[in-house]
Amino acid sequence: MGGKREDYISWDEYFMSVAKLAGMRSKDPNSQVGACIVSSDNKILSMGYNGFPMGCSDDEFPWAREGEELDQKYFYVVHSELNAILNYRGGSLEGAKIYVSLFPCNECAKAIIQAGIRTIVYDEDKYHDTPIVIASRRMLDAAGVRYYKYQRTGRRIELSV
């Protein structure tokens, strides 16, 4: 009998890939962010991506990043982390881990903390020095939520659908 296959992907590769795949559902022309919430025994609990709330048309609400405040996306878009939390239909998320393609903002950090998620694995942190992310880290640290940067392996994962 032969041995097991050795080139399988790790849990972190798997769940970060799922988060990034979820982000590909976003219709945002600038930012496609995805999130995947996982239980302590490596079961996917929920996923989300950045987009408008249900019933708010992708064709009628703005995707702009500049202009009049009410004509920008920022008042309307639900971030991937919050979408994943709100999409969860099970019981508690206490002790779960969230994989996200972009470090959470302060508002998502609040939701993550309140939901009981204990670990964040993020890929990018391009807003690291902004007040929103500084506040996020401050709250996550105070609440004892662990976070770490995903270590890219360089492995290319392709799907043909």
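Is Lys110 buried, exposed or partly exposed? With a relative accessible area of 36%, Lys110 is partly exposed; here buried means under 20% relative accessible area, exposed over 50%, and partly exposed in between (1.4 Å probe, protein chains only).

A few friendly notes follow.

1. Please keep in mind that this is a predicted model: local features need pLDDT of at least 70, side-chain atom pairs count only at pLDDT 80 or more, and totals for chains, interfaces and linings use all residues. Residues are numbered from 1 along each chain as its sequence is written, and side-chain values use heavy atoms, with hydrogens and water left out.

2. The partner of Lys110 is Glu107, in a salt bridge whose closest N and O atoms are 2.9 Å apart. A salt bridge here is a side-chain nitrogen of Lys or Arg within 4 Å of a carboxyl oxygen of Asp or Glu. Because Glu107 and Lys110 sit three residues apart in helix H3 (residues 106-115), about one helical turn separates them. Glu107 is also partly exposed, at 47%. Helices (H or I, at least four residues) and strands (E, at least two) are DSSP runs, numbered from the N terminus.

3. The count comes to eight salt bridges. One of them joins Lys27 and Asp58, with 2.7 Å between the closest N and O atoms. Lys27 lies in the loop between H1 and strand E1 (34-38) and Asp58 in the loop between E2 and helix H2 (80-87), so the pair ties together parts that are 31 residues apart in sequence. Lys27 is partly exposed at 46%, and Asp58 is partly exposed at 27%.

4. Asp28 and Lys73 also meet in a salt bridge (2.6 Å, N to O). This pair links distant parts of the chain, 45 residues apart: Asp28 is in the loop between H1 and E1, Lys73 in the loop between E2 and H2. Asp28 is buried at 3% relative accessibility, and Lys73 is buried at 6%.

5. Lys20, Asp123 and Arg152 are linked in a network of salt bridges.

6. On cysteines, the structure holds zero disulfides, a disulfide being a pair of cysteine sulfur atoms within 2.5 Å. Cys105 is buried at 13%, as is Cys108 at 3%.

7. Ile9, Trp11, Tyr14, Ile44, Met47 and Ile157 make a nonpolar surface patch of about 540 Å². Helix H1 (11-23) and strand E2 (44-49) are the elements that give two or more residues to this patch. Patches are made of residues with over 30% relative accessible area and no salt bridge: like charges are joined within 9 Å, nonpolar side chains (Val, Leu, Ile, Met, Phe, Trp, Tyr) within 5 Å. Trp11, in helix H1, is partly exposed at 49%.

Key
Accessible areas come from the Shrake-Rupley method with a 1.4 Å probe; for residues, only the protein chains shown count as cover.
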